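Student: Could we go through this structure together, one question at a time?
Tutor: Gladly, have a look at it first.

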Amino acid sequence: MTRMRNELVIIGGGIIGLFSAYFATELGLKDIVIIEKKYLGSGSTFRCATGIRASFTTEEHITLQKESIELWKKLSKQLGFYYVQGGYIWLFRKDEQLKAFSEYSKLHNKYGVPTRIITPEEIREKAPMINLEGIIGGLFDPIAGKANPFGVVYALAEELRKRGVKMQTRTKVHRIIIENNKIKGVSTDNGEIEAEKVLIAAGYGSREIAKTAGVDLPLRNVPHHALITEKFREAFKPLLIDWTYSAYIVQVEEGGFLMGMDVEERPNQPLYQRNDFIPRMARVAVRLFPWMKNINVLRYWPGYYVMSPDSHPILGPIEEVDGLFVATGFSGHGFMMAPIAGEVIAEWLVDGKTKHKIAENLTLRRIKEGRLIHEKAVFG
Amino acid sequence: MGKEVKKNPIIICRCENVTLDDVERAIEEGYTDLESLRRKLRIGMGPCQGRTCLPLVIRILARKLRKSPDELIIPTSRPPINPIPMKLFIHGGDDEDEE
């Protein structure tokens, strides 16, 4: 039985938990324990599409993501992991798509994200081997990019270890211990761990854990699917989105093409492999890049988008329990949002408030009070 | 991949060019489960999907941890297991735009 009082226990060793721990140490917290039920990154982090963008459709997402991108730039240099600002190109096949995204582009520009509508010729300049048949235009997001989740997680974990953060893997948290509406600790496979503050950053698993504290997190776990091909020389830098098929293709650090597309799924199902995913995905990929027909598919895997009611994260303190915080429900954007989410959470943990005022719109309270802020640009 | 190049390195993973030294160093750095070793070194991420290297890595890790290979958690295998060209998923193998 571990009997020690920590300043902070973080439940979940994914990208959100790790970045939260990183910024908490930056702000001076000392005794931090991260508890992970499997291995670091083992949930949605290592299954993600690796993209990072600010081209969203709400002020909350656009402004926070703009700051997240600044942190990605800074931390990739400091910690030494792969991050490339290669942009995103959204591809459109219908006039109404182009029209809707012209409006979104105005919103991006208003909040300082310099996206613009581009012609098929400009698309070809940025992705030279593309088949433009049927594509009438695109939206270019020049500040978007990509990173390697494995590189980021291991660079962060090594830095956290140096800073004295403890990481317990293969350990499950059973419940949160509360006394007089105040956090006392957590109960785990390895006994009780005392803590002044607890952050739940466990993806959909956060729901079950929060329940033990009497908190209802309205999350849905929706399966998504992705595959990766063998390595190829650099063909294009941006992540491409074919909006008609809700599909994306990105070339990752080692050269493989990582791609996914939205296929109809019911929430809260166990992850399983669908026989129809690779054929459907291959058809979209080969339509965009006919030469891909000869490229080998290496691996196909499913993963979850942990959806909140309005596709924005549930971030910040839980008012009912003194010392309890959550960071979950990122709705498919957890990897890209992790640096800013970690910074916001750390400010809340240490100062009781965040400098990023707009993040106050993302607490659980908005959902209880029905102040939802719907994000429309979700794909994959 | 290997930072120091030895004269006669022992290759464990041919697809990703990972040596025995790389594996042992990573284990010493604390990558003591197969899922993390795989992602740290990219063992089993290449075209062979771990068929060559994984049995070797299991033995090295088991010996280092003084465990039986049966006690290690084996990484998940992903379809299609063998690398398969995209076109075979689309036309059932017909290559209609080539002679």
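**Around one strand**

Tutor: Both faces of β15(A) are covered, with A:A247, A:I249 and A:Q251 buried on one side and A:Y248 and A:V250 buried on the other. Strands (E, at least two residues) and helices (H or I, at least four) are DSSP runs, numbered from the N terminus. A residue is buried if 20 or more other C-beta atoms, placed from the backbone, lie within 10 Å of its own, exposed if 12 or fewer, and partly exposed in between. This is a predicted model, in which local features need pLDDT of at least 70 and side-chain atom pairs pLDDT 80 or more, while totals for chains, interfaces and linings use all residues. Residues are numbered from 1 along each chain as its sequence is written, with chains lettered from A and ligands numbered from 1 in the order in which they are written.

Student: How many of the five residues of β15(A) are buried?
Tutor: In a regular strand the side chains alternate between the two faces of the sheet. Here both faces of β15(A) are covered. The strand is largely enclosed by the rest of the structure, because the number buried is five of the five.

Student: Which residue stands opposite A:I249 in β16(A)?
Tutor: Two strands pair if DSSP finds at least two bridges between them. β15(A) and β16(A) pair in the antiparallel sense over five bridges. Their hairpin has four residues between the strands, and A:G255 takes a positive phi near 110°. Opposite A:I249 stands A:M259.

Student: And on the β14(A) side, which residue in the turn of the hairpin with β15(A) has a positive phi?
Tutor: β14 (residues 239–242) and β15 (residues 247–251) of chain A pair in the antiparallel sense over three bridges. A:D242 stands opposite A:A247, and A:I241 opposite A:Y248. Four residues lie between the two strands, and the one with a positive phi, about 50°, is A:S246.

Student: Which are the edge strands of the nine-stranded open sheet?
Tutor: The order is β6(A)-β7(A)-β5(A)-β14(A)-β15(A)-β16(A)-β13(A)-β17(A)-β3(B), with mixed pairing. An edge strand here pairs on one side only, and the two are β6 (116–118) of chain A and β3 (84–85) of chain B.

Student: What is the radius of gyration of chain A?
Tutor: The radius is taken over C-alpha atoms, and the globule rule is 2.2 Å times the number of residues to the power 0.38. For 380 residues a compact globule would come near 21 Å, and chain A agrees with 21 Å.
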